[in-house]
Amino acid sequence: RVSDEGLLTRPGGAPFAPGDSILITITLSDPARLIFNFAPAGLRFSPSDPAELKLDFLETDDDLNGDGDVDDGDSAAKLLLAIWRRETPSSPWVRQTSLLTSGSDEIETDVFGFTDYVIAW
């Protein structure tokens with residue numbers, strides 16, 4: 001979600017004028033690992049009013065740790081889930097401050113620019 005005041009600069013650094021808009025695309029670039037690519041690259045959001053990213057992982061396998069059983073290990077892994085980002089495919093993943101909604105399969109974070117995002121622990 002992007003608020004009316006959330007757009008800061010276009011790719012290349014030009015500021016947005018009041019009332020300007022931009023086409024935003026989201027691509028699931030790796031369905032097996034749930035990696036999402038957000039474009040256009042270089043788009044920046046206001047530090048005081050960033051975009052909000054909320055991802056739903058309801059349809060994922062409940063065996064989060066991949067050990068073949070849905071058990072306490074998966075419950076513990078779920079508590080550690082966060083949204084991570086990386087600037088380029090060769091960059092390391094960086095953990096974002098994330099909010100996991102209790103009792104649901106939704107996680108959210110503030111977004112200051114576009115790049116790759118993933119849910120991981």
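Analyst: Phe38, Phe45, Phe114 and Tyr117 are joined into a cluster by ring pairs. Keep in mind that this is a predicted model.

User: How many aromatic pairs does the structure hold?
Analyst: There are three aromatic pairs. In one of them, phenylalanine 38 and phenylalanine 114, the ring centres are 5.5 Å apart and the planes are at 45 degrees, so the pair is tilted.

User: Where do phenylalanine 38 and phenylalanine 114 sit in the chain?
Analyst: Phenylalanine 38 is in strand β3 (residues 35–39), and phenylalanine 114 is in the loop between β9 (106–111) and β10. They are 76 residues apart, and the pair links distant parts of the chain.

User: What about the rings of phenylalanine 38 and tyrosine 117?
Analyst: Their planes are at 90 degrees with centres 5.2 Å apart; planes over 60 degrees apart count as edge-to-face, so this pair is edge-to-face. Tyrosine 117 is in strand β10, 79 residues from phenylalanine 38.

User: Is phenylalanine 38 buried or exposed?
Analyst: Buried, because its relative accessibility is 6% and the cut-off is under 20%. Tyrosine 117 is buried too, and phenylalanine 114 counts as buried at 8%.

User: Switching topic: where is aspartate 116?
Analyst: Aspartate 116 is in strand β10 (residues 116–120). It is buried, with a relative accessible area of 8%.

User: Which side chain does the side chain of aspartate 116 make a polar contact with?
Analyst: That of asparagine 37, at 2.6 Å.

User: And what else does aspartate 116 touch?
Analyst: Leaving out residues up to four places away in sequence, aspartate 116 touches residues including Ile35, Phe36, Trp84, Arg85, Arg86 and Trp93.

Definitions and conventions. Residues numbered from 1 in each chain as written. Predicted model: local features only at pLDDT ≥ 70, side-chain atom pairs only at ≥ 80, totals over all residues. Heavy atoms only, no water. Helix = DSSP H or I, 4+ residues; strand = E, 2+ residues; numbered from the N terminus. Buried < 20%, exposed > 50% of the residue type's maximum accessible area, 1.4 Å probe, protein only. Polar contact = N/O pair within 3.5 Å; in protein donor to acceptor, adjacent residues only side chain to side chain. Contact = heavy atoms within 4.5 Å. Phe/Tyr/Trp six-rings, centres within 6.5 Å; stacked < 30°, edge-to-face > 60°.
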